Amino acid sequence: MNILLKYFPNLTEEQQLQFSKLEDLYTEWNAKINVISRKDIESLYERHVLHSLGIAMIQEFAPGTRVLDVGTGGGFPGIPLAILFPETQFYLVDVIAKKIKVVNEVAQALGLENVKAEQRRAGTFEDRFDFVVSRAVTNMPDFVKWVRKNIAKKSNHKLKNGILYLKGGDLTEELTLFPKAVQHNLSDYFEGEFFETKKVVYLPIKYKL
């Protein structure tokens with residue numbers, strides 16, 4: 001928890017309590033359904049929670065914003081972002097039913113009324129969102145194909161509606177087709193070796209009928 005308070009010192013008591021419950025919840029559920037590697041569960045707050053909140057360093061979500069988390073796995077980045085932005089609506093999807101079960105159980109245990117999670121495949125539904133978030137589920141060209149039709153028309157933030165994508169390494173080749181993509185190094189915001197190669201890629205997506 002200390003690592004979160006270092007970068008997000010203005011968390012309310014309720015948010016601090018919700019974040020503090022994550023370790024026990026994920027340790028318990030991970031023993032039943034493996035959604036986080038055994039190695040990473042020991043570094044949950046750095047490698048999963050704080051990493052997810054890297055998106056918040058690039059864009060704070062206004063009340064009423066709708067965010068889609070594609071390939072959420074055990075609920076990242078959606079669950080930490082939902083705690084941080086309680087007035088934003090989050091829709092978390094994954095193709096693996098047992099992972100969505102974990103997400104729903106965690107959200108319920110935390111009292112997150114702004115989270116909806118379902119077993120669905122990206123590209124199979126028409127709902128519109130201000131932003132689509134994800135953690136490296138595939139390469140950017142394929143990801144854009146999956147979610148392009150899910151971007152809402154009206155932008156309500158400084159950043160235009162689009163994708164906020166957590167990924168690491170050299171993305172030069174992968175982003176060749178997207179000259180408007182902006183890479184934000186998380187090492188500019190968070191200390192530690194883990195974040196040295198981690199990025200948030202922002203890609204504005206034009207509304208498409």
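Ile-41 lies in helix 3, which covers residues 38-41; helices here are DSSP runs of H or I with at least four residues, strands are runs of E with at least two, and both are numbered from the N terminus. The model is a predicted one, in which local features need pLDDT of at least 70 and side-chain atom pairs count only at pLDDT 80 or more, while totals for chains, interfaces and linings use all residues. Residues are numbered from 1 along each chain as its sequence is written, and side-chain values use heavy atoms, with hydrogens and water left out.

The relative accessible area of Ile-41 is 14%, so this residue is buried; the classes are buried under 20% relative accessible area, exposed over 50% and partly exposed in between, with a 1.4 Å probe and protein chains only. Apart from its neighbours within four places in sequence, Ile-41 is in contact with Tyr-26, Thr-27, Asn-30 and Ile-36, contact being defined as heavy atoms within 4.5 Å. Between the C-alpha atoms of Ile-41 and Pro-204 the separation is 33 Å, and the two residues are 163 residues apart along the chain.

Strand 7 spans residues 198-204 and is mostly covered, with 6 of its 7 residues buried. Strand 7 runs antiparallel to strand 5 (residues 162-168), to which 7 bridges join it; two strands pair if DSSP finds at least two bridges between them. Within this pairing, Leu-164 has Tyr-202 of strand 7 as its bridge partner. Strand 6 (residues 182-185) is also joined to strand 7, by 4 bridges and in antiparallel orientation. The bridge partner of His-184 in strand 7 is Val-200.

Asn-114 belongs to the loop between helix 6 (97-110) and strand 3 (115-119). With a relative accessible area of 6%, Asn-114 is buried. When residues up to four places away in sequence are not counted, Asn-114 touches Ala-82, Phe-85, Pro-86, Thr-88, Gln-89 and Phe-90.

Two backbone features occur in other loops. The peptide bond from Phe-76 to Pro-77 is cis, with omega near 10°, and Pro-77 is in the loop between strand 1 (66-70) and helix 5 (78-84). Ala-136, a residue other than glycine, has a positive phi, near 50°. The loop that holds Ala-136 lies between strand 4 (131-135) and helix 7 (140-147), and at 41% relative accessibility Ala-136 counts as partly exposed. Most peptide bonds are trans, and most residues other than glycine have a negative phi.

The protein chain as a whole contains 7 helices and 7 strands, in the order α-α-α-α-β-α-β-α-β-β-α-β-β-β from the N terminus on. The radius of gyration of the chain is 16 Å, close to the 17 Å given by the globule rule for 209 residues, so the chain is as compact as a globular protein of that length; the radius is taken over C-alpha atoms, and the rule is 2.2 Å times the number of residues to the power 0.38. The C-alpha trace spans about 40 × 35 × 30 Å along its principal axes. Of the 209 residues, 51% count as buried. Among contacts between residues at least 6 apart in sequence, 69% join residues at least 24 apart.
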